[in-house]
Amino acid sequence: MHSLIKTILRCFIVIGLLILTGLPAYSQTNTSYTIKGKVSEAAGNTPLGFATVSVIKQDNHTTIATLNTSENGEFSVSADAGNYKITIDFIGYESYTSPVIRLTAQHPVHHLGNIQLTSSSKTLDEIMVRAEKSTMTLSLDKRIFNVGKDLANAGGTAADILSNIPSVAVDVDGNVSLRGSSSVRILIDGKPSGLVSIKGGSGLQQLQGNMIDRVEIITNPSARYEAEGMGGIINIILKKERKEGFNGSFDVIAGYPENFGVAANVNYRRKDFNFFVNYSTSYRNPKGTNEQYQELYRNDSTFISTKQMEHRLKGMYNNARAGMDYFFDEKNILTAAYTYRISKGKRLSDIYFHDYLNNLQNPTGHTYRTQDETETEPNSEYALNYKKTFAREGREFTADLRYLDNWEDSDQFFGEQGFKPDGSTAGIPYILQRSLNFETEKQYLAQIDYVHPFAEKGKFESGLRTSFRNMTNDYSVTQQDENDDWFELPGLTNDFLYKENISAVYAILGNKIKKISYQAGLRGELTHVTTTLKQTHEVNPRKYIDFFPSAHLTYDLPQGHAIQISYSRRIRRPQYNDLSPFMTYSDNRNYYSGNPDLNPEYTHAFEMGHIKYLDKASISSSVYYRNTRNKILYIKKVDEKGNTVTLPENLATENSFGAEFTGSYSAFTWWKTDLSFNIFRAITDGSNLSDEFKSDTYSWMARLLSRATVWKNTDIQIRGNYEAPQQTPQGRRRSIATMDLAISKDILKDKATLTLNVIDVFNSRRFRSITEGDNFYIENTSQGRLRQTNLTFNYRLRQAKKKTKDSLEQD
């Protein structure tokens with residue numbers, strides 16, 4: 001394995017040397033030409049992050065580069081000598097076009113200064129905006145998805161949105177993976193959130209999608225970010241405005257199966273104060289199914305069991321977020337925010353087991369089991385943020401304090417009755433069980449970051465971060481006896497405590513010399529985790545320190561090309577649910593447990609990316625390699641009674657190789673297509689546990705989105721997703737193919753939009769898998785949500801909706 005890592009490292013070193021030394025004639029004999037500037041709003045001089053900047057060459061009027069401004073509104077783009085114009089677009093503001101910019105050997109750097117955009121809200125009825133903000137923005141270090149532009153997202157949840165982002169997959173339980181890796185860090189507004197703590201990624205099903213502005217995918221993060229997350233980082237950015245006056249948007253949703261909700265995103269800005277409020281409430285009652293076929297081999301006999309399960313989760317979900325920005329002056333901003341979420345749900349399940357001996361023509365009996373769960377889960381978050389900028393552009397200091405307070409209360413009743421093959425009762429009394437689960441989480445987070453520019457394009461960054469998290473889980477399972485008294489079931493009752501403290505410090509140094517940009521960073525993290533089983537007095541303390549280097553090297557090529565090589569070391573720490581040893585279940589044949597002896601897994605991640613901007617298209621490609629040690633994977637075992645137990649284990653290694661291609665093409669101003677394709681190979685070695693826990697799989701996934709503007713401001717969109725079959729250490733996962741359709745119409749003088757979408761048109765989003773072991777064979781098919789149809793009405797108050805030029809001409 002060490003030789004393999006050395007080989008990969010040598011490859012990247014050789015490539016780096018080729019760029020540094022193989023192209024010296026070009027880089028040394030040509031001057032580096034740059035256009036840079038800053039974008040802000042005219043009313044309050046507030047920086048406008050993620051504004052669209054286009055560079056147009058004047059001799060042939062082609063767009064050689066398109067990029068987004070940073071969060072501080074800054075941008076910098078390299079080009080060859082020549083004459084150019086810069087155009088800047090931002091939703092709700094007048095477009096800006098620069099005078100002709102001449103880059104020569106005597107004038108290699110042109111600074112446009114602070115470009116102030118004027119709000120267009122006062123002339124909303126008359127404004128004509130020429131280009132719509134893209135659904136996807138590509139850059140070398142991350143991809144940005146403006147999810148509100150995807151018509152199929154209307155009426156969905158955050159989990160629905162993520163499931164339709166390229167290279168991201170969401171399974172039936174809401175678990176999120178990126179490029180085939182389930183170890184991915186999910187952040188909200190760049191910070192941890194209570195939505196993805198206790199429940200993991202499945203908590204995103206509680207967040208209404210119309211509260212989300214965009215999603216950032218960072219596949220190989222620098223030392224600036226937490227080292228957690230082997231596959232990378234998914235950062236969900238919530239909507240927030242800072243425009244002068246009162247403005248916002250409102251949504252009303254109706255769908256089938258039952259999906260009803262309203263949402264409001266509003267803000268009020270006056271002089272030094274900006275107030276913002278996001279609120280959504282929804283009622284959903286989706287139906288799901290699960291089918292399982294199992295064979296157990298024992299004593300020269302085959303014991304067959306089948307399972308058919310139907311469930312509904314009827315729930316009310318409320319999300320509220322309110323805050324205030326105070327501008328001491330244009331360089332000092334203080335932001336305070338409070339977020340409260342609460343979900344109240346009722347889960348009803350019907351489960352049928354049928355048992356056979358040797359074949360399906362020889363039934364031995366069947367069992368009917370019911371589940372009735374009542375669940376309440378509130379989440380509170382308090383945040384205080386201070387940001388200071390300085391006279392030197394790019395120099396800034398930020399400080400962030402957060403407190404999370406979450407808990408979950410679940411009360412479940414299970415009823416079970418056995419029957420003989422002829423349908424008569426089996427003579428076994430009716431069984432009534434009750435499961436109580438109370439979980440709490442309290443987390444404190446403090447973080448400071450400082451950026452200091454030097455020379456012309458150099459930058460030094462450093463920061464400190466510390467977090468404290470305390471979690472508890474009081475879990476019990478009882479059963480009613482013939483006297484109507486309740487007794488505890490052995491091995492299913494305990495009180496689990498989890499305490500975690502992670503402190504980190506990082507430093508990054510970066511610069512640009514002519515066409516070469518480099519960045520090198522180092523992050524150190526001290527982790528202290530203690531788990532305690534109160535009833536058995538088992539205490540398991542762990543303390544370790546790790547260092548996580550990162551490096552990025554970028555070379556700007558002519559004609560809108562750029563290439564980047566990057567490396568980072570990542571970690572996946574066992575989380576609370578991974579370590580909790582409780583046996584939990586929804587039926588008495590399938591048990592799930594954590595593993596208190598689980599160790600962290602570590603990954604070395606290498607990536608090479610290339611991006612090219614064309615007049616009507618942009619193309620991004622990358623190849624990547626990940627070497628993982630102590631791979632965490634859930635392993636399933638079946639006992640002699642046919643009961644399955646699933647728990648996480650550390651496998652020896654996993655090596656994954658892959659290539660990803662993402663492109664956007666606008667054949668006409670009224671038609672746009674996004675396409676992504678990801679192919680990878682994963683070699684997993686679990687021989688430290690068993691020689692059977694090995695796999696070598698090739699797999700791929702693809703996504704196509706095509707959207708056209710037709711008559712009278714009407715948009716039609718089709719979206720398709722495909723995930724190819726994949727081998728696993730215990731079997732294989734079968735393919736998934738889905739298609740979504742949507743149509744939208746602007747009404748009320750373009751102040752409102754009506755959207756109708758059908759998610760999973762062919763009802764084909766089924767997760768199918770095969771799991772095999774020495775003594776068992778299992779086929780499983782799950783569908784967490786059936787075909788969904790939504791109708792959404794969106795109304796904008798003093799906000800402009802950008803339209804394509806052709807659709808305006810049709811008006």
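**Exercise 1. Find which residues Arg 465 touches, leaving out residues up to four places away in sequence.**

Solution. Start with the list: Arg 465 touches Pro 192, Glu 226, Leu 445, Ala 446, Gln 447, Ile 502, Ser 503, Ala 504 and Arg 523. Keep in mind that you're looking at a predicted model. Then check its cover. The relative accessibility of Arg 465 is 9%, and buried means under 20%, so Arg 465 counts as buried.

**Exercise 2. Describe the chain as a whole: how many helices and strands does its secondary structure have?**

Solution. Count the elements: there are five helices and 45 strands. Now look at burial: of the 811 residues in the chain, 54% are buried. For contacts, take those between residues at least 6 apart in sequence; 67% of them join residues at least 24 apart. Finish with the surface, where the accessible area comes to about 34,800 Å² and carbon and sulfur atoms account for 57% of it.

**Exercise 3. Locate the largest nonpolar core and say which residues have the most contacts inside it.**

Solution. This core has 25 residues, and the ones with the most contacts inside it are Ile 35, Phe 75, Ile 86 and Ile 88. Where do they come from? Strands that each supply at least two residues include E1 (33-41), E4 (74-79), E5 (82-89) and E33 (601-613). Now zoom in on Ile 86. Skip its neighbours within four places in sequence, and Ile 86 is in contact with Ile 35, Val 53, Ser 54, Val 55, Tyr 96, Thr 97, Ser 98, Ile 101 and Leu 112. Apart from this core lies another one, of 23 residues, with Ile 161, Val 168, Ile 188 and Val 215 among them.

**Exercise 4. Work out how the ring pair of Trp 407 and Phe 438 is arranged.**

Solution. First, the general idea: a pair of aromatic rings is described by the distance of the centres and the angle of the planes. The count of aromatic pairs here comes to 18. For Trp 407 and Phe 438, the centres are 5.9 Å apart and the planes make an angle of 40°. Planes under 30 degrees apart would count as stacked and over 60 as edge-to-face, so this pair is tilted. Then trace the chain: Trp 407 is in strand E23 (residues 396-419) and Phe 438 in strand E24 (residues 431-454), 31 residues apart. As for cover, Trp 407 is partly exposed at 32% relative accessibility, and Phe 438 is partly exposed at 37%.

**Exercise 5. Look into the backbone at Pro 257, Asn 299 and Asn 763.**

Solution. Take the proline first: the peptide bond from Tyr 256 to Pro 257 is cis, with omega near -5°. Pro 257 lies in the loop between strand E16 (245-256) and strand E17 (259-270). Now the asparagines. Asn 299 has phi near 55°, a positive value in a residue other than glycine, and Asn 763 has phi near 55° as well. Asn 299 is in the loop between strands E19 (287-298) and E20 (301-329); Asn 763 is in the loop between strands E42 (752-759) and E43 (767-773). On cover, Asn 299 is exposed, at 66% relative accessible area, whereas Asn 763 is buried, at 16%.

Definitions and conventions. Residues numbered from 1 in each chain as written. Predicted model: local features only at pLDDT ≥ 70, side-chain atom pairs only at ≥ 80, totals over all residues. Heavy atoms only, no water. Core = buried A, V, L, I, M, F, W, Y, C linked by side-chain atoms within 4.5 Å. Buried < 20%, exposed > 50% of the residue type's maximum accessible area, 1.4 Å probe, protein only. Helix = DSSP H or I, 4+ residues; strand = E, 2+ residues; numbered from the N terminus. Contact = heavy atoms within 4.5 Å. Phe/Tyr/Trp six-rings, centres within 6.5 Å; stacked < 30°, edge-to-face > 60°. Areas by Shrake-Rupley, 256 points an atom, 1.4 Å probe, with all protein chains shown as cover.
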